[in-house]
Amino acid sequence: GLIGRFGHLVRELGKFGVVGGVAFAVDTVIFNVLLFAHVTSLLAATISMCIAATVAFVGNRFWTWRDRSRSGLHREYVLYFLFNLVGLGIALACLAISIYGLGAMWPVFKGTLAQNAAKNVVGMALGTTFRFWAYRQIVFRR
């Protein structure tokens, strides 16, 4: 049935979700520590996401898709990092829209809670969907 047919995909999604959860926690903590230290929002987001992406690479390479053949650590990390840049761009665009677009009309969108919602909810959802597809189809292909 469906479980037999899609069981492997469900397990991959689960592992990807666990790795993503750990990376999300790392990203969120570092982002908020940097905001508290008065680092600008976009720079704080860039730094926190780069660190979290490296954590996620290790988890995905050596756990989520460990059964897939290796195509070279350098190649995989470069592609992984490039796709994370696209994901970063998606999250930064959501953050910028909140701060500079919506925040110009309604100051509440410039607050810390709104910035976290824009980056860590909307941006993360869109970026994660893109990254799962890219990692599965291109970086850690069969």
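Predicted model: local features only at pLDDT ≥ 70, side-chain atom pairs only at ≥ 80, totals over all residues.
How much space lies in the largest pocket? About 300 Å³.

**Overall fold**

The protein chain has 4 helices and 0 strands. From the N terminus on, its elements run α-α-α-α. Along the principal axes, the C-alpha trace spans about 50 × 35 × 20 Å. The chain has 142 residues, and 37% of them count as buried. Take the contacts between residues at least 6 apart in sequence: 73% of these join residues at least 24 apart.

**The largest pocket**

Rolling a probe the size of a water molecule over the atoms shows where empty space is left. The largest pocket has about 300 Å³ of such space. Its lining counts 21 residues, and those closest to the centre are Ala-23, Ala-56, Asn-84, Met-124 and Arg-131. By type, the lining divides into 15 nonpolar, 4 polar and 2 charged residues.

Which helices supply at least two residues each to this lining? The table names them.

| Helix | Residue range | Residues supplied to the lining |
|---|---|---|
| Helix 1 | residues 2–36 | at least two residues |
| Helix 2 | residues 41–64 | at least two residues |
| Helix 3 | residues 73–105 | at least two residues |
| Helix 4 | residues 112–139 | at least two residues |

**Helix 3**

Helix 3 has 33 residues. At 1.5 Å a residue they should span 48 Å, and the end C-alpha atoms are 46 Å apart, so the two values agree. Helix 3 also has a kink of about 30 degrees, centred on Ile-97.

Which residues of helix 3 are buried? Glu-76, Tyr-80, Phe-83, Asn-84, Gly-87, Leu-88, Ala-91, Cys-94, Leu-95, Ser-98, Ile-99 and Gly-103 are. An α-helix has 3.6 residues a turn, so residues three or four places apart point the same way. The cover over the buried residues of helix 3 includes helix 2 and helix 4.

**Asn-116**

Asn-116 sits in helix 4. Is this residue buried or exposed? Its relative accessibility is 14%. Buried means under 20%, so Asn-116 counts as buried. What does Asn-116 touch, not counting residues up to four places away in sequence? Its contacts are Thr-28, Phe-31, Asn-32 and Val-121.

Definitions and conventions. Residues numbered from 1 in each chain as written. Heavy atoms only, no water. 1 Å grid on protein atoms, 1.4 Å probe; cavity = no way out; pocket = protein on both sides within 12 Å on 5 of 7 lines; lining within 4 Å. Points joined across faces, edges and corners; volume = space filled by probe spheres on them. Nonpolar A, V, L, I, M, F, W, Y, C, P; charged D, E, K, R; others polar. Expected span 1.5 Å × (residues − 1). Bend = angle between axes of the 7 residues up to and from the residue. Buried < 20%, exposed > 50% of the residue type's maximum accessible area, 1.4 Å probe, protein only. Contact = heavy atoms within 4.5 Å.
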